Amino acid sequence: MKRLTLLGATGSIGRRALELVEAFPGLFRAEGIAARGSDPERLADICRRHRPRALALGDAAAVDRVVRALGHPRPEVLAGPEGLVTLAREVDAEVVLSAIVGGAGLLPTMAAIEAGRTVALANKETLVMAGSLMTAAARARGTRLLPVDSEHSAVFQCLEGHNRAEVRRVLLTASGGPFRLLGKAELARVTVAEALNHPTWKMGAKITVDSATLMNKGLEVIEARWLFDLPPEQVQVVVHPQSIVHSMVEYLDGSVIAQLGVADMGIPILYALTYPRRLPCPAGRLDLTRVGALTFEEPDQERFPCLALARQALQAGGAAAVVLNAANEVAVAAFLAGRIRFTRIAEAIAEALDRVPPRSLRAVEDCVAVDAETRALVRARLETAGMAAGVAESLA
Ligand code: NAD
Ligand code: MG
C-alpha cells in the first residue's frame with residue numbers, strides 16, 4: 001500500500017489522481033489532501049471517500065466553510081501557506097503529488113523534497129521558479145522528482161535504459177493550442193471562452209491559457225532543462241496538433257525514440273505513482289489506424305512570443321525565470337478576469353523581464369521575494385495601462 005499526499009487534490013490533475021486511487025483500492029491510500037479551499041463540497045466528498053489523516057487549505061479564510069461541509073468524523077485541518085508546508089512535511093507519505101497550480105506550490109513541494117519524500121511533479125511553475133534549488137535539494141536528500149507533465153513523462157520514458165551522454169536533443173511536442181492558425185491581428189481579439197477551448201487536453205484554466213499563448217511550452221522547456229539536467233539548446237519544441245506523440249529523444253546515431261498514447265493525464269500520473277512498474281491504466285487505448293495522420297511543424301515564435309521569452313529567461317539565469325512565471329500568472333489571471341486582451345499577456349511578461357533587476361537565487365526565500373515584487377509590479381502596470389487604453393470598452 002503506497003501512502004500518498006495530494007497537493008491540489010480538487011484540480012484537474014488531483015481529481016484524476018483520486019480516480020486512480022479508487023481504481024486500485026489495495027494499492028494506494030490518500031493520507032494527506034491539500035487544496036485552496038474554494039470548493040468545500042468537493043473537499044467534503046473527497047474526505048468521505050478517502051478518509052485522509054490531514055487536510056490543508058491554502059486559503060485560511062476558507063477553513064470555517066470547509067469544516068462545516070466536512071461534518072464528523074473529519075481529518076485534522078491545517079490552514080494557510082504554513083499549513084500546506086506542514087502537511088507536505090509531516091504526513092507520512094511515500095509520494096507527494098505536487099499538483100497545486102502556480103507559485104503557491106513552491107514551498108510545500110520544497111518541504112516534501114526536504115522531508116525525503118518522492119515527488120510526483122505536475123506543478124511545473126515550481127521548477128521554473130526554483131529548478132536549481134529543487135534539484136540540488138533532491139540530490140542532497142537522495143529523493144526522486146518524477147515527472148507527471150505528459151511531455152516530461154514521455155522524455156523520462158525515452159531516456160530509460162539509454163546512455164545519457166548519447167542524447168543529441170530532446171523534442172518536446174506542443175499541440176499549438178486553439179489559436180495555432182490565427183493571424184496576429186486575430187489573436188488580439190480572441191475571447192476568454194475561445195482560449196479555454198483547448199483542442200486536445202482538458203485542464204485547469206491557467207494551464208489552458210498557457211497552452212494558448214505557448215507559454216506552457218516555454219515553461220516546459222525550463223522544466224526539462226532542470227528535470228533532465230540538459231543545456232537549453234538541447235531542448236527543442238515541435239508543434240504536433242494531434243497530441244499523440246507526447247515527446248521524443250534523439251540520440252547521436254540518429255535514432256529518435258518517442259512515447260505515444262491517448263491524451264489522458266491518467267497515464268503519466270499513474271506511471272509517476274508506480275514507477276518503475278506499470279499498471280493497466282483505466283484510460284482509452286491508442287488506435288493509430290483511427291488517429292490517421294500525425295503531423296509536425298515549427299512553432300511560430302513571432303505570433304507566440306511567450307516561447308522566446310521563456311528561453312530568454314532561461315538564458316539570463318538567476319531570478320529571471322521567477323519573474324517570467326510571476327508576470328505570466330498575474331497576466332493570465334487578468335486575462336481570465338476579462339481585464340486585458342490576450343496579446344497583452346506576452347507584453348506584460350516582456351516588460352517585467354526588462355524592469356525587475358537581475359538577481360541570483362541562493363534560497364527559496366529569494367524566489368518568494370522576487371515573485372512578490374514581480375506580482376506587485378505587473379499588477380500595478382496592468383491596472384494603469386488598462387485604464388489608460390480603455391481596454392474594458394475595446395474588449396466588450
Ligand atoms: P486546476 O486549476 O484544475 O487545479 C489547481 C489545484 O490547485 C486545485 O486543487 C486548487 O485548489 C489548488 N490551489 C490553487 N491555489 C492554491 C493555494 N493557494 N493553496 C492550495 N491549493 C491551491 O489546475 P490543474 O490543471 O490540475 O494543474 C495543476 C498543475 O499541474 C499546474 O501546475 C499545471 O501546470 C500542471 N499540469 C496540469 C496538467 C493538466 O492536464 N491539467 C498537465 C500537465 C501539468
Ligand atoms: Mg505538458
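This report walks through the strand layout, the helices across it and some side-chain features of a predicted model.

## About the model

Residues are numbered from 1 along each chain as its sequence is written, and side-chain values use heavy atoms, with hydrogens and water left out. Because the model is predicted, local features need pLDDT of at least 70 and side-chain atom pairs count only at pLDDT 80 or more, while totals for chains, interfaces and linings use all residues.

## The sheet

Let's start with the strands. Seven of them form an open sheet in the order 4-3-2-1-5-6-7, with parallel pairing. Here strands are DSSP runs (E, at least two residues) and helices are DSSP runs of H or I with at least four residues, numbered from the N terminus; two strands pair if DSSP finds at least two bridges between them. Strand 4 (76–79) and strand 7 (145–147) stand at the edges with a single partner strand each, so one side of each has no neighbour in the sheet. From one strand to the next, the twist averages 25°.

Strand 1 (residues 2–7) and strand 5 (residues 95–98) run parallel and are joined by four bridges. If you look at Leu 6, its bridge partner in strand 5 is Leu 97.

## Helices across the strands

Helix 1 (residues 12–23) lies across strand 1, strand 2 (28–35) and strand 5, and runs at about 160° to strand 2. Helix 2 (residues 40–50) lies across strand 2 and strand 3 (54–57), also running at about 160° to strand 2. Contact means heavy atoms within 4.5 Å; axes are lines fitted to C-alpha atoms, for helices over the stretch in contact, with angles from 0 to 180 degrees between N-to-C directions.

## Aromatic rings

Across the whole structure, a search finds six aromatic pairs (rings of Phe, Tyr and Trp, the last by its six-membered ring, with centres within 6.5 Å; planes under 30 degrees apart are stacked, over 60 edge-to-face, the rest tilted). The ring centres of Phe 24 and Phe 28 are 6.3 Å apart with planes at 90°, so this pair is edge-to-face. For Phe 335 and Phe 342 the centres are 5.6 Å apart and the planes at 70°, so that pair is edge-to-face as well.

Phe 24 and Phe 28 are buried, and Phe 335 and Phe 342 are buried too (under 20% relative accessible area; exposed is over 50%, partly exposed in between, with a 1.4 Å probe and protein chains only). Phe 156, Tyr 271 and Tyr 275 form one aromatic cluster.

## An exposed arginine

Arg 290 lies in helix 13 (residues 288–291). Its relative accessibility is 73%, so Arg 290 counts as exposed.

Note on methods. Chains lettered and ligands numbered in written order.
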